[in-house]
Amino acid sequence: MRPILEVRELSIHASSGGQPIPLVEKVSFSVEKGATLALVGESGCGKSMTALSLMRILPEPAVRIVGGEIRFEDEDLVSASERRMEQLRGNIISMIFQDPIASLNPIQTVGDQIVEVIRTHNPISRKEARARAIELLRSVRLPDAERRINYYPHRLSGGMCQRVMIAMAMAGAPKVIIADEPTTALDTTVQAQVMALLRKAQTETGTAIILITHNLAAAAEAAENVAVMYAGRIIEQGPVREIFLSPAHPYTEGLLGAIPDNAEGGVEIAPLAEIPGNVPRPGTLPSGCAFAPRCKNVQQRCRNERPDLTAHGNRRVACFFPYSQMIAQ
Amino acid sequence: MTTILSCRDLVVEYPTADGPLRAVDRVSLDVERGQTLALVGESGCGKSTLARAIMGLASVKSGSIKLEGEELTGLSQRELRKYRPAIQMVFQNPYGSLNPRLSVGRIIEEPMMVQNIGTQAERRKRVLDLLDRVGLTSEAAGQYPHQFSGGQRQRIAIARALALNPKLIVCDEPVSALDVSVQAQVLNLLVELQRDLGVSYLFISHDLAVVRHIAHATAVMYLGRIAARSNSRDFWKSPAHPYVRALKDATPSMAAIRDGTPGQPILEGEIPSALNPPAGCRFSTRCRYVVDVCRQTEPHLRQVTDQSWVACHRVSVGANGAAVLPESELIAD
């Protein structure tokens with residue numbers, strides 16, 4: 001199937017007077033209608049900047065796209081006019097942010113905010129828009145939607161605010177929803193509710209979802225495909241099941257090993273697999289492979305040369321010495 | 001086993017405009033020497049208030065907190081000072097919990113200065129020992145917090161907590177703000193320190209994966225009350241209490257990938273207001289197993305197996321000795 005959104009060789013730089021600092025380097029991925037792609041990685045890996053760039057809402061001019069394409073259907077969004085982006089943004093491509101309380105306007109009722117979104121993109125009366133807003137709030141299962149539509153955000157819990165955000169994101173007829181850590185600020189049981197809601201919206205409308213998360217287990221449950229980012233680059237991408245069951249890149253392996261997932265039972269607490277060192281800060285990357293200083297399989301070549309993302313079966317891996325047991329199959 | 005800390009029927013209330021809010025309601029728990037008790041729950045369940053009460057930072061309305069048999073409630077701030085070294089704390093946010101204007105050496109030395117321990121030379125030596133203990137070099141002593149990453153700052157906070165040889169460290173979400181790869185380093189450090197020094201942890205967390213890894217015993221709170229507790233490391237394998245089970249099911253897991261995803265029922269609704277808790281069982285408004293008695297009578301924590309206690313009318317002990325819920329009578333969704 002042809003992807004609905006395809007990103008090719010996208011690069012994003014930050015500049016604050018001096019030398020530009022690369023935040024995202026030649027990132028490529030795509031997502032099909034009705035499918036979910038997870039972008040995973042630790043802080044500073046560039047996943048959130050990638051998300052913002054898809055909506056063209058980077059904090060320009062300090063941070064901007066310096067190369068690549070974002071193909072949405074037959075258009076390139078990198079070169080699209082601001083006017084065209086306004087038509088798409090919040091309508092055809094919408095976004096859900098991590099902190100739902102901070103993402104809503106505190107001095108406007110949630111109803112007015114949804115009505116504003118609806119009327120920006122549709123020439124309908126305020127009354128019709130309001131009826132549609134109530135319908136949307138019901139579909140995201142906001143309890144007592146008719147009354148709560150008149151509430152200001154501070155009167156709603158974090159989970160309810162995230163439901164409102166999802167209702168807003170669904171207000172147009174989104175073909176792509178970008179969800180940037182949509183459940184990180186929420187309680188465990190509410191997280192599950194919000195993920196179920198996104199799945200429901202996806203099944204009903206066929207929207208594609210790009211899920212940005214640091215939680216590998218959440219990515220495993222929600223997505224068919226995954227792209228693992230490290231220091232501004234994708235280092236491994238492909239089917240989530242295949243990659244998480246048998247990672248080819250040592251960083252992916254390290255991340256999976258560091259999750260306390262099946263450590264259970266027994267009196268002794270077994271140590272978790274550690275990745276030594278810290279996530280490098282943008283602008284301070286080593287010359288070879290960015291992961292080389294922390295990699296347990298590092299060779300001389302890794303320190304001198306940067307590995308490109310190359311195809312291995314169903315997946316792509318940026319490593320000179322990937323684990324190959326599964327690549328054979 | 002020796003009990004380091006023991007709380008009995010602890011009640012903590014906050015005054016609000018709408019009357020007193022009972023954040024912790026008749027909570028009893030024990031922390032054993034050299035072990036970790038995890039305190040789990042969602043926001044507003046009272047876990048952080050309980051920690052503050054144990055630290056002497058929230059006033060206790062009734063009930064008792066005993067540190068190695070010595071009663072701490074009712075003591076004046078002055079009297080409490082004697083016990084402060086024994087209970088230390090590591091906070092969630094390593095960016096907010098270290099004074100940015102003090103050098104790391106001074107941050108770690110400060111508890112000893114407050115308690116008038118040793119000469120300056122002795123304290124400085126102890127600082128270097130502690131830095132080494134938590135995996136930092138001696139150069140760190142002369143540097144400032146902003147020069148360190150989140151994980152390294154948490155190591156500094158741990159070194160400071162260890163400075164007075166505490167018996168108990170209250171860790172409030174100590175790894176929640178850290179990246180996965182760094183989280184593993186800090187968890188391993190905590191386990192290693194416990195093994196070497198015999199320190200106990202009261203480990204507050206909302207992250208079940210972390211709790212399952214690090215805890216010897218677990219208590220789950222809901223709306224100010226303990227819903228279930230257990231002394232077993234296998235607690236999460238098949239939790240009997242409906243809320244604990246819902247928490248487990250709601251937590252994303254790699255098991256989905258390994259074994260295929262069985263569609264777990266999702267717990268609906270949100271935690272009710274603690275100002276006006278439901279009558280009967282506090283979980284009854286969201287529970288799939290609810291029957292009339294749950295809405296009328298509050299269940300008390302009772303022992304159901306060797307190592308586990310639940311506050312639920314519906315849990316019984318099955319033929320194999322395990323705690324079970326009446327699956328066949330499940331209310332249809």
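**Strands, helices, domains and chains**

Q: In this predicted model, in which sense do strand S9 (residues 217-222) of chain B and strand S10 (residues 225-230) of chain B pair?
A: S9(B) and S10(B) are joined over 5 bridges. Within this pair, Tyr222(B) stands opposite Arg225(B) of S10(B). The sense of the pairing is antiparallel.

Q: Which strands of chain B stand at the edges of the open sheet of 8 strands, each with a single partner strand?
A: The strand order in chain B is S6-S7-S8-S3-S9-S10-S12-S11, and the pairing is mixed. From one strand to the next, the twist averages 25 degrees. The edge strands each have a single partner, so one side of each has no neighbour in the sheet; they are S6 (87-90) and S11 (302-305) of chain B.

Q: What angle does the direction of helix H1 (residues 47-54) of chain B make with that of S8(B)?
A: H1(B) packs on the sheet. The strands it touches are S3 (36-40), S6, S7 (168-172), S8 (200-205) and S9 of chain B. With the direction of S8(B), that of H1(B) makes about 150 degrees.

Q: At what angle does helix H5 (residues 150-162) of chain B run to S6(B)?
A: H5(B) lies across two strands of chain B, S6 and S7. Its angle to S6(B) is about 175 degrees.

Q: Which element gives the largest share of the side of domain 1 of chain A that touches domain 2 of chain A?
A: Chain A is assigned domain 1 (5-223) and domain 2 (230-261 + 274-317), and their C-alpha centres lie 27 Å apart. In the contact, 19 residues of domain 1 of chain A meet 16 residues of domain 2 of chain A. On the domain 1 side, strand S2 (21-31) and helix H9 (216-222) of chain A are the elements that give two or more residues. The largest share, 7 residues, comes from S2(A).

Q: How are helix H4 (residues 110-121) of chain A and helix H5 (residues 126-139) of chain A oriented to each other: roughly parallel or roughly perpendicular?
A: The axes of H4(A) and H5(A) are 9 Å apart, at an angle of about 115 degrees. Angles of 65 to 115 degrees count as roughly perpendicular. H4(A) is therefore, relative to H5(A), roughly perpendicular.

Q: How many charged residues are in the contact of H4(A) with H5(A)?
A: H4(A) passes H5(A) in a right-handed crossing. H4(A) contributes Gly111(A), Ile114(A), Val115(A), Ile118(A) and Arg119(A), and H5(A) contributes Arg126(A), Ala129(A), Arg130(A), Arg132(A), Ala133(A) and Leu136(A). By class, these are 6 nonpolar and 1 polar, while the charged residues number 4.

Q: Which helix gives the largest share of the side of chain B that touches chain A?
A: The contact between the chains takes 40 residues from chain A and 37 from chain B. On the chain B side, helices H6 (180-197), H7 (208-214), H8 and H9 (255-259) each supply at least two residues. The largest share, 9 residues, comes from H6(B).

Terms used. Residues numbered from 1 in each chain as written. Chains lettered and ligands numbered in written order. Predicted model: local features only at pLDDT ≥ 70, side-chain atom pairs only at ≥ 80, totals over all residues. Contact = placed C-beta atoms within 7 Å. Helix = DSSP H or I, 4+ residues; strand = E, 2+ residues; numbered from the N terminus. Pairing = 2+ DSSP bridges. Axes fitted to C-alpha atoms, helices over the stretch in contact; angles between N-to-C directions. Domains from an automatic or database assignment. Parallel < 35°, antiparallel > 145°, perpendicular 65-115°, else oblique. Left-handed = near helix turned anticlockwise from the far one by under 90°. Nonpolar A, V, L, I, M, F, W, Y, C, P; charged D, E, K, R; others polar.
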